[in-house]
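User: I'd like to learn how to read a protein model feature by feature. Could you walk me through one, giving the general idea and then the case at hand?

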Amino acid sequence: MNIALFSDSYFPTKSGIVTVVVQLRHILEELGHHVVIVTVSNTDPTYTEEPDPLVLRVKSFRSPVGDNQNFGLPKTKEVVKFLREHKVELIHSHTEFSMGKSAIKCGKKMGIPVIASTHTMWEDYYKYYLKFAAIIPKWAIRKAVKAVYKRFYAFINVSQKAHDYFVAPFMLPKIPSTVIPNATDTKKFVDLNVTEKDKQEIREKYGIKENDRVIVYVGRVVEEKRVWELLQIIKRVVRQRDNVKMLFCGSGAMEEPLKKEVQKEGLEDKIIFAGFVDWFKLSRYYSLSHLFVTTSLSEMHSMTVLEAMVMHLPIVCRWDTSFTDTIIPGENGYMENTDEALDARILELCDNPEKCSAMGEASYRLSKNFLLETHGKKTVAFYKEVLSHFPGKVTSEELKAAVEKENPVS
């Protein structure tokens with residue numbers, strides 16, 4: 001098949017969606033398919049990249065909404081020309097913004113199906129990014145999301161949480177869809193071969209001792225990830241244990257406010273900010289850590305949780321349906337209903353290395369349910385089912401049956 005992936009996020013931006021798009025391209029190509037990407041231009045003057053004839057970057061400008069996001073200004077004629085040159089049969093959009101609208105326009109002009117992955121719960125996000133969000137009712141956000149998504153032929157929901165939201169009566173229950181969870185490139189991540197020297201360099205850089213218990217958060221350091229709430233938990237935890245340290249890996253608008261708070265509290269030696277970490281070096285930070293913590297309630301299906309599981313880490317988080325297929329409480333981590341309840345769980349794992357290690361091994365075993373190859377095969381099955389029905393209608397039941405045939409044999 002010849003497939004086009006559309007996205008408003010791409011290198012040099014580091015986000016879950018960028019990871020999803022890059023990994024999907026990689027596995028589809030490994031499975032023998034031809035993949036092109038249509039995305040926004042690079043507006044970071046410090047970032048250079050090798051020309052890629054399979055990536056079309058359209059003019060864009062830095063978006064006032066979001067963190068390091070761009071708003072594309074695609075010319076339909078130019079994009080359609082590129083897609084026709086590559087004989088694209090199906091468009092897979094990973095955005096509902098400018099590039100998603102472009103995908104719909106191009107699909108209509110070419111007479112090919114346009115599907116979408118639902119990555120973002122905008123009801124949770126809009127209050128962090130829109131001015132006057134406090135006076136914007138939830139129904140208005142739903143209406144705006146529906147206006148875009150109703151034009152897609154079918155959905156891939158990245159989690160049960162996403163599926164339940166989009167099939168709800170107030171959303172788009174008539175759009176056919178099924179669940180294909182995100183995956184992580186286990187082999188590539190593990191094969192980075194982290195050495196003891198790599199870990200020791202990080203320890204020396206940040207003053208982490210060999211016997212310290214290290215808690216890690218990896219992701220964008222932005223308000224909607226509830227990093228301020230996470231910091232309050234960690235402040236309480238590190239004050240109770242001399243050998244516990246916290247490592248924030250990532251950058252974002254909340255990084256400086258968090259640093260100032262840590263300085264004010266005199267905890268700079270216990271709460272560490274590594275800033276942006278290149279993906280190819282990220283496994284080093286996971287490797288020297290003992291558990292992964294997040295307080296985010298706005299995930300659809302967290303890529304960093306999957307990465308942490310691959311790296312043998314237990315997960316401690318707030319209860320949310322986006323985590324129910326990755327975290328089994330008591331087996332590979334804990335999910336709690338309040339921020340305050342996380343304190344005891346974190347301390348429990350810091351104080352009990354054997355239990356922490358056993359839960360980390362359980363995480364690794366569970367991560368095998370999210371292998372990139374399985375994800376790729378399920379996505380291809382979804383594409384084929386769509387193409388076999390288009391321009392007629394496909395049902396959710398038909399999509400689900402096609403995808404479930406690719407479940408790995410246990």
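Analyst: Happy to. Helices here are DSSP runs of H or I with at least four residues, strands are E runs of at least two, and both are numbered from the N terminus. Keep in mind that this is a predicted model.

User: How many helices and strands are there in the protein?

Analyst: The protein has 16 helices and 15 strands. Its radius of gyration is 21 Å, close to the 22 Å that the globule rule gives for 410 residues, so the protein is as compact as a globular protein of that length. Along the principal axes, the C-alpha atoms fill a box of roughly 65 × 50 × 45 Å.

User: What percentage of the residues count as buried?

Analyst: The cut-off you need is that buried means under 20% relative accessible area, while exposed means over 50%. Of the 410 residues, 56% count as buried. The accessible surface comes to about 18400 Å², and 53% of that belongs to carbon and sulfur atoms.

User: Let's go inside. How many residues does the largest nonpolar core have, and which have the most contacts inside it?

Analyst: A nonpolar core is a set of buried residues of the nonpolar kinds, joined through side-chain atoms within 4.5 Å. The largest one here has 37 residues, and F6, V38, L83 and I91 have the most contacts inside it. Elements giving two or more residues to this core include the strands β1, β2 (34-40), β3 (55-58) and β7 (114-118). The helices α2, α3 (98-110), α5 (138-149) and α6 (160-166) also give two or more. The largest share, 5 residues, comes from α3.

User: Which residues is I91 in contact with?

Analyst: Leaving aside neighbours within four places in sequence, I91 is in contact with several residues, including A4, F6, L83, A103, C106 and V114. Apart from this core lies another, of 34 residues, among them A274, L306, M309 and F323.

User: Is V80 buried or exposed, and what does V80 touch?

Analyst: V80 is found in helix α2. With a relative accessible area of 4%, V80 is buried. Not counting residues up to four places away in sequence, V80 touches C106, K109 and M110. As an exercise in distances, compare sequence with space: V80 and I141 are 61 residues apart in sequence and 30 Å apart in space, C-alpha to C-alpha.

User: What about T379: buried or exposed?

Analyst: T379 lies in helix α15 and is buried, with a relative accessible area of 2%. Its contacts, not counting residues up to four places away in sequence, are with L24, I156 and I180.

User: Where is V167 found?

Analyst: V167 is found in the loop between α6 and β9 (177-179). At 30% relative accessibility, V167 counts as partly exposed. Beyond four places in sequence, V167 touches P173 and S177.

User: Now the backbone. What should I expect of phi and of peptide bonds?

Analyst: Most residues other than glycine have a negative phi, and most peptide bonds are trans.

User: Which peptide bonds are cis?

Analyst: The bond from F11 to P12 is cis, with omega near 10 degrees. P12 is found in the loop between β1 (2-7) and α1 (16-30). The bond from F390 to P391 is also cis, with omega near 10 degrees. P391 lies in the loop between α15 (372-389) and α16 (396-404).

User: And where do K87 and R226 lie?

Analyst: K87 is in the loop between α2 (76-85) and β6 (90-93), and has a positive phi of about 50 degrees although K87 is not a glycine. R226 lies in the loop between β10 (213-218) and α9 (227-240), and its phi is near 60 degrees, again a positive value.

How values were computed:
Residues numbered from 1 in each chain as written. Predicted model: local features only at pLDDT ≥ 70, side-chain atom pairs only at ≥ 80, totals over all residues. Heavy atoms only, no water. Buried < 20%, exposed > 50% of the residue type's maximum accessible area, 1.4 Å probe, protein only. Contact = heavy atoms within 4.5 Å. Rg over C-alpha atoms; globule rule 2.2 N^0.38 Å. Areas by Shrake-Rupley, 256 points an atom, 1.4 Å probe, with all protein chains shown as cover.
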